[in-house]
Amino acid sequence: NPAYRLKNFMSRPKINLAKNNNEWRKRLLHKSPDLYSIAQIVAGRVALIPTRYPENPPTARLVGGFVRDALLGLDSLDIDIEVYGTDPLELYAVLQDTFPGNVRLLGKSYEVLQILTHDKCKLEVNMPRTRWDEDRRSFFASDPNLTPDQAIRSKEFVCNTAQADPLTGEIFDPLEAKKEFQSKRLAVLDARNFYFNPLCAFRVL
């Protein structure tokens with residue numbers, strides 16, 4: 001349970017935070033080398049997809065716990081990649097061509113693709129989604145127009161908003177997630193996001 005783990009980590013008397021972005025980047029590049037190399041292959045193939053949205057060219061970013069845990073000096077057994085500037089069918093075709101027979105769709109609602117590896121590690125690829133509500137039901141749809149900066153606004157907590165470029169290890173932390181760990185607090189990014197994921201709030205209580 002990532003949220004529960006996060007709460008427990010925040011309660012530790014000492015946190016092994018990376019001192020700066022350069023150390024954060026080094027930790028990132030040396031975590032799970034075999035899995036990270038697959039993430040780099042994904043990012044390289046995504047970069048070759050033709051640009052259909054001029055203001056949002058195809059881009060892949062590491063997101064979620066893998067980036068956060070690198071900052072905190074923790075191990076990770078899975079990687080989450082978010083891909084921008086393309087549509088789900090095109091992305092699925094590219095991944096199937098790159099990893100034939102080793103890509104599966106985890107859920108039509110969320111359009112999450114999992115790349116199967118030879119060990120217990122997981123690599124999941126998704127696209128940013130537009131959320132809306134109709135008759136008290138939540139709906140999600142992949143939105144190739146959403147940029148990385150726009151996509152992070154869907155996160156529940158600021159500390160989970162950091163991203164990284166798989167090819168270079170460059171860290172993107174526009175909302176200063178690192179400061180949340182320095183201050184040892186769980187700041188809510190937008191309370192309205194809990195409407196779409198209410199269980200997340202209960203997991204950290």
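Are arginine 68 and aspartate 69 buried or exposed? Arginine 68 is buried, and aspartate 69 is buried as well; buried denotes under 20% relative accessible area, exposed over 50%, and partly exposed in between (1.4 Å probe, protein chains only).

The views show a predicted model, in which local features need pLDDT of at least 70 and side-chain atom pairs count only at pLDDT 80 or more, while totals for chains, interfaces and linings use all residues. Residues are numbered from 1 along each chain as its sequence is written, and side-chain values use heavy atoms, with hydrogens and water left out.

**View A. Salt bridge between arginine 68 and aspartate 69.** The N to O distance in this pair is 3.4 Å. A salt bridge places a side-chain nitrogen of Lys or Arg within 4 Å of a carboxyl oxygen of Asp or Glu. Five such bridges are present in the structure.

**View B. Salt bridge between aspartate 97 and arginine 45.** The closest N and O atoms lie 3.3 Å apart. Aspartate 97 belongs to helix α5 (residues 88-98) and arginine 45 to helix α3 (residues 33-47), so that the pair links distant parts of the chain, 52 residues apart. Helices (H or I, at least four residues) and strands (E, at least two) are DSSP runs, numbered from the N terminus. Aspartate 97 is exposed at 54% relative accessible area, whereas arginine 45 is partly exposed at 26%.

**View C. Salt bridge between arginine 52 and glutamate 90.** The side chains meet at 2.6 Å, N to O. Arginine 52 lies in the loop between α3 and β1 (59-63), and glutamate 90 in helix α5; the pair links distant parts of the chain, 38 residues apart. Arginine 52 is partly exposed, with 49% relative accessibility, whereas glutamate 90 is buried at 16%.
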